[in-house]
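Please find below a short note on the structure under review.

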Amino acid sequence: MDAQKVDMFIMTNGKFFESHQVAQIRDRLIALDDSKWGIIQTLQFKDPTTSLIISLLGGSLGIDRFMIGDTGLGVGKLLTCGGLGIWAIIDWFMIMDATREKNMIKLQQVLY
Amino acid sequence: MPISRKKLYFILIIACLAGYVWLYFNLTENLTGNTNEIGVCLIKHVTNIPCPSCGSTRSVLSLFHGNFKQAIYWNPLGILLVLIMIIVPIWIIYDYFANKETLLKAYLKTETILKNKKIALPLIMMMMINWIWNIIKGL
């Protein structure tokens, strides 16, 4: 694919991925066929900052986990008062990376 | 790529262990007659309103003493928690020795079922009703 297009994609969507993955995503996108550009452009990613806000507000109810698609873990948090309050606090620090990981999985489904 | 077997089982084992330790502390506390309750619920500490799963410790303890009605009164979720805490360790041990991943498959299956709106909505409603009941009870 065109390097200019790829750089544009990285610029707008770089914050949705972990920094060590961005270089790999760039290489992979450049090698990708042009026909996939339409799908990649329309992908919706979850903002890590939003999930952090939700985790701070509704973490004890597991809403953050529900939002990024970890329904099972969300139910676990909901039933145990946010894992006795400890898991909820741990997730304040984990949820941003978890969201970025989910975004990567979503992109990988198109890339590979 | 969904959650890996190793990660899921690790989380479940930690959660079950924490649950049993928590129960043990609460049990010994009750036996010594020390009723000074340690609350861990963030929501209750911050807003003074009980969360949907507040009271499940008391519910599990009542169940432990064979008081089924009391357990339902404190929180119906306690019964679900007891079932999970009994079944999950046995299931993990079975999976470990049989070298299978039946629990992981069951977990992923439940996840897809729960994502179905027709099933999720009634469950959310029930959770809300339970929450309202908790607030009325003033746990």
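1. Confidence. The model is a predicted one, and its confidence should be read first. For chain A the average pLDDT is 84, and 100% of the residues score at least 70. Among the elements of chain A, the highest mean pLDDT, 88, belongs to helix 4 (residues 48-58) of chain A, while helix 7 (residues 81-84) of chain A has the lowest, 78.

2. Architecture of chain B. Chain B contains seven helices and zero strands, and its pattern along the sequence is accordingly written α-α-α-α-α-α-α. Of the 139 residues in chain B, 17% are buried. Among the contacts in chain B with a separation of 6 or more, 47% are between residues 24 or more positions apart.

3. A helix pair in chain A. Two packed helices are described by the angle between their axes and the distance between the axes. For helix 1 (residues 3-13) of chain A and helix 2 (residues 19-31) of chain A, the angle is about 145 degrees and the axes are 9 Å apart. Their crossing is right-handed. Helix 1 of chain A makes the contact through Ala3(A), Val6(A), Phe9(A) and Ile10(A), and helix 2 of chain A through Val22(A), Arg26(A), Leu29(A) and Ile30(A). The residues of this contact of helix 1 of chain A with helix 2 of chain A divide into seven nonpolar, no polar and one charged.

4. Thr49(A). This residue lies in helix 4 of chain A. Is Thr49(A) buried or exposed? Thr49(A) has 11 other C-beta atoms within 10 Å, and a residue with 12 or fewer counts as exposed; therefore Thr49(A) is exposed. In sequence, Thr49(A) and Thr99(A) are 50 residues apart, whereas in space their C-alpha to C-alpha distance is 9.2 Å.

Definitions and conventions
Residues are numbered from 1 along each chain as its sequence is written. Chains are lettered from A and ligands numbered from 1 in the order in which they are written. This is a predicted model: local features need pLDDT of at least 70, side-chain atom pairs count only at pLDDT 80 or more; totals for chains, interfaces and linings use all residues. pLDDT is the predictor's confidence in each residue, from 0 to 100. Helices (H or I, at least four residues) and strands (E, at least two) are DSSP runs, numbered from the N terminus. A residue is buried if 20 or more other C-beta atoms lie within 10 Å of its own, exposed if 12 or fewer, and partly exposed in between; C-beta atoms are placed from the backbone. Axes are lines fitted to C-alpha atoms, for helices over the stretch in contact, and angles run from 0 to 180 degrees between N-to-C directions. A crossing is left-handed if the near helix is turned anticlockwise from the far one by less than a right angle, and right-handed if clockwise. Two residues are in contact if their C-beta atoms, placed from the backbone, lie within 7 Å. Ala, Val, Leu, Ile, Met, Phe, Trp, Tyr, Cys and Pro count as nonpolar, Asp, Glu, Lys and Arg as charged, and the others, Gly among them, as polar.
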